[in-house]
Amino acid sequence: MKYLNEYRDSNLVHGIIDEITRSIRQKWVIMEICGGQTHAIMKYGLDQLLPESIELVHGPGCPVCVTSLEMIDKALAIASQPKVIFTSYGDMLRVPGSQGDLFSVRASGNDVRVVYSSLDAINIAQDNPDKKIVFFAIGFETTAPANAMSVLQAQKLGLNNFSLLVSHVRVPPAMHAILGSPNNRIQGFLAAGHVCTVMGYWEYVPIAQKYKIPIVVTGFEPVDILQGILFVIRELEENKYEVENAYSRIVNYEGNQAAQKIIEQVFEECDQKWRGIGFIPGSGWRLKSEFNDYNAEEQFQVREITPVESPFCISGKILQGLIKPVDCPAFANQCTPEHPLGATMVSAEGACAAYYRYGRIL
Amino acid sequence: MCLAVPGKIIEIYETNCLLMGKVDFGGVVRETCLAYVPEAKVGDYTIIHVGFALNLIDEKEAMETLALLEAISKQDPTE
């Protein structure tokens, strides 16, 4: 497949690793923000091919993992109501709420459906005028254009049985939170390539300047990730802190203007609670009040939620890069992908699931 | 969640006033919303996330990056 095979070429992979090894003179700690990159690093064993003086720390870029427990509990409560068809991206169905998950709600006889796209949920709403269709609109900036478009499309089609349960998160405020923490160890960032496809990378320039930290926009194939690491290492060794683009076939500085316009039309910035981490100011998007007719939190009377988190799950520390999954006492014994205690073991992008799946059980 | 896959646009049309298309992912063809890449033409490569094309793939940039990386990887380590 064009634009995939070239970026999995083993000669290139080893050539870039050799150049990284030639360039590096001291120990450096680099965070890959995006869980998709974490999985690629584990899948291809890149962490084991790199010099030992590079420590890769896995960031909070897994929307399934950071969607707050309150929001999961609200989803469970709405999905349990009669005449509701609850639709969601597949990963969310196994995320544990305070009591059960969306799969258990479906097993109780409720209508919970996995969709590939928010537009699939629109089609379900058109086909089921006597039902209320709720779409669980989670995600980072990458997913926001799709979720926002579904609201405008519902409006255009005059649908009055479609709403979104919105839990959107944004990367730059999370980077501020990580870099501003007294526990921070991160010296360089791989920025998430598909977030930047939508938003561009102009937002990262003031972050690089403020914290004097190199940030490199990075893709998802092995060659892409190693290029990002090489660029970060070169900056660190030369004492530079600029924003560079190692994913230029997809990402440009301004991002996708059409997508940003639709996001701005539908969503507004809000404080957001991240599961395991807590509130990060300005780190979320919510529906503007003019779209209240499409806001599931307004449309459904969800009782006051008092979430109860597993006492054993320490995913917050993992999401902040403070510890590794293998350091958790529950990892691979009480907590497995079949019986996850926390969202980082559920998601296809969660760091715990990546370590479990690709055999980093030490 | 933020996974996105490259594919080739093989058909462009409108459904419910929304720009849509068929995209070929190495043999698997899926319907995709092209509203965010209105400049797209049949034959262009694009990157798809949850049923939406997020951008077109820039072939010139792709070739330049590969040329740069090939030059890096063929460096003589003794130089």
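Which strands of chain A does α12(A) lie across, and at about what angle does it run to β8(A)? This predicted model gives the answer in the first view.

**View 1. Helix α12(A) on the strands of chain A.** α12(A) lies across β1, β2, β7, β8 and β9 of chain A. Its direction is at about 170° to β8(A). Helix α2 (residues 35–43) of chain A also lies across strands: β1, β2, β7 (188–192) and β8 (215–218) of chain A. α2(A) runs at about 120° to β1(A).

**View 2. An open sheet of five strands in chain A.** The strand order is β2-β1-β7-β8-β9, and the pairing is parallel. At the edges stand β2 (54–61) and β9 (243–245) of chain A, each pairing on one side only. On average, neighbouring strands of this sheet are turned by 25° against each other, direction ignored.

**View 3. Strand β1(A) beside β2(A).** β1 covers residues 28–34 of chain A. Six bridges join β1(A) to β2(A), and the two run parallel. A:Trp28 stands opposite A:Ile54 in β2(A). In general, strands of a sheet pair through backbone hydrogen bonds.

**View 4. The largest nonpolar core.** This core has 147 residues. A:Ala75, A:Ala191 and B:Ala53 have the most contacts inside it. α12(A) gives the most to the core, with nine residues. Domain 1 (1–313) and domain 2 (315–357) of chain A each supply at least three residues.

**View 5. The surroundings of A:Ala191.**

**View 6. Domain 1 against domain 2 in chain A.** Chain A is divided into domain 1 (1–313) and domain 2 (315–357). Their centres, taken over C-alpha atoms, are separated by 17 Å. The contact takes 27 residues from domain 1 and 21 residues from domain 2. On the side of domain 1, α2, β2 and α4 of chain A each give two or more residues. The largest share, five residues, comes from α2(A). By class, this side has 15 nonpolar, nine polar and three charged residues.

**View 7. Chain A against chain B.** Here 48 residues of chain A meet 34 residues of chain B. Several helices of chain A each supply at least two residues to its side, among them α4 (63–66), α8 (144–156) and α12 (222–237). α1(A) provides the largest share, seven residues. By class, the side of chain A has 24 nonpolar, 15 polar and nine charged residues.

Definitions and conventions:
Residues numbered from 1 in each chain as written. Chains lettered and ligands numbered in written order. Predicted model: local features only at pLDDT ≥ 70, side-chain atom pairs only at ≥ 80, totals over all residues. Contact = placed C-beta atoms within 7 Å. Helix = DSSP H or I, 4+ residues; strand = E, 2+ residues; numbered from the N terminus. Nonpolar A, V, L, I, M, F, W, Y, C, P; charged D, E, K, R; others polar. Pairing = 2+ DSSP bridges. Axes fitted to C-alpha atoms, helices over the stretch in contact; angles between N-to-C directions. Core = buried A, V, L, I, M, F, W, Y, C linked by C-beta atoms within 7 Å. Buried ≥ 20, exposed ≤ 12 C-beta atoms within 10 Å, placed from the backbone. Domains from an automatic or database assignment. Lists of a residue's contacts leave out its neighbours within four places in sequence.
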